[in-house]
Amino acid sequence: MIHSMKLPSAQEIDFDIDRYLNRYLPRSQLHRLPRPISRFLGYRHVPQPEVGNLLVCAWAFVGAFTGLILVMGVFKTSETIQSHHPPIIVASLGATAILDYQTIQSPLAQPRSSILGQVLGAVVGVGITKLFMLRSDFESLRWIAGAVCTALASAVMGLTNTVHPPGGATALLAAVDPTISAMGWFFVPLVLIGSLLLLGCAVVVNNIQRQFPMFWWTPRDVGKQRKGPDIEKSSEVPEEPQVRRRSRAVELLRENAIIITPQNVVIPEGFMLGLEEKGILEVLRDRLRNPVEYDSSVEDHSSSDS
């Protein structure tokens, strides 16, 4: 008898690198830093209210101008960088500036994506271009190399949860721009320096009246998860059916409930939250973590109102 093999469904073909990485990452300690420092690293005890679009455009103008001037100034005045004959700026950093200063709530603009997405794009672009350069007719194949670089960079960013659209342009430039192709692997640290300078400027400008970043690595929980008490071991009820019923009830609660503790917020797998909803849950977590501080702030507000 021949048994046919069932092919996996489209939903089952999935890989999430964070399932393997997040458990080894330390939890955020921004709340322990002095308030002026934690503020300019994106932490808020209470979520920052949004500003109107006129202020958004004004701060985006200030940020993009300041950030790009800083990057071009460093590129222009550094003898080490100039010795490699770079362009005045990597063009894809202009697109990064729009994300870093205008759409600062987008996951594509957060530090993990804006830094690693650009660097991975540069690594893929330079690596694939060097492979194409092994052919004597490379100049006639630049257009194909550019397509391969961008396509592979997109796949790498997707697999590493570092999607950053300007990173695709960075990979493309490594293949189609002769000035950048001639730089070789030095293009990678050049992109890294530019991305870090834009991010450093962003955490200053964007936190004056807004909040950035929304997260540094991921909005999901990190670190080893603490397991709850084992109902079957801790229960003193000897009847096996009752113990099993309690265990099943606890598992059902974990799968269909949002659990907030002073250490973390646990949501059911596959349950999606918006940025505002995540902010509310983080506020509740912080209130559990520092109830005395919150109570004192409430008393201060009530006394000042009176």
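**Exercise 1. Which backbone oxygen does the side chain of N206 reach, and is N206 buried or exposed?**

Solution. This is a predicted model, so look at the modelled atoms.
- Step 1: Start at the side chain of N206 and follow it to the backbone oxygen of D100, 2.6 Å away.
- Step 2: Place N206 in the fold: it sits in the loop between α10 (187–205) and α11 (231–234).
- Step 3: Check the surface. The relative accessible area of N206 is 0%, and the cut-off for buried is under 20%, so N206 is buried.
- Step 4: Skipping neighbours within four places in sequence, N206 is in contact with D100, Y101, I104, Q211 and F212.

**Exercise 2. At what angle do the axes of α5 and α10 cross, and which residues make the contact?**

- Step 1: Take helix α5 (residues 92–101) and α10; their axes come within 10 Å and cross at roughly 25°.
- Step 2: Angles under 35 degrees count as roughly parallel, so α5 and α10 are roughly parallel to each other.
- Step 3: Sort them by class: seven are nonpolar, three polar and one charged.

**Exercise 3. Are α7 and α8 roughly parallel or roughly antiparallel, and what does their contact consist of?**

Solution. 
- Step 1: The axes of helix α7 (residues 142–159) and helix α8 (residues 165–176) come within 8 Å, crossing at roughly 150°.
- Step 2: The cut-off for roughly antiparallel is over 145 degrees, so α7 and α8 are roughly antiparallel to each other.
- Step 3: The crossing of α7 and α8 is right-handed.
- Step 4: On the α7 side you'll find R142, A145, G146, C149, T150, A153 and M157; on the α8 side, G167, G168, A171, L172, A175 and V176.
- Step 5: By class, that makes eight nonpolar, four polar and one charged residues.

**Exercise 4. How many helices and strands does the protein have, and what percentage of its residues count as buried?**

Solution. 
- Step 1: Tally the secondary structure: 14 helices and two strands.
- Step 2: Of the 306 residues, 35% count as buried.
- Step 3: Look at sequence separation. Among contacts with a separation of 6 or more, 73% come from residues 24 or more positions apart.

Technical notes: Residues numbered from 1 in each chain as written. Predicted model: local features only at pLDDT ≥ 70, side-chain atom pairs only at ≥ 80, totals over all residues. Heavy atoms only, no water. Axes fitted to C-alpha atoms, helices over the stretch in contact; angles between N-to-C directions. Helix = DSSP H or I, 4+ residues; strand = E, 2+ residues; numbered from the N terminus. Parallel < 35°, antiparallel > 145°, perpendicular 65-115°, else oblique. Left-handed = near helix turned anticlockwise from the far one by under 90°. Contact = heavy atoms within 4.5 Å. Nonpolar A, V, L, I, M, F, W, Y, C, P; charged D, E, K, R; others polar. Buried < 20%, exposed > 50% of the residue type's maximum accessible area, 1.4 Å probe, protein only. Polar contact = N/O pair within 3.5 Å; in protein donor to acceptor, adjacent residues only side chain to side chain.
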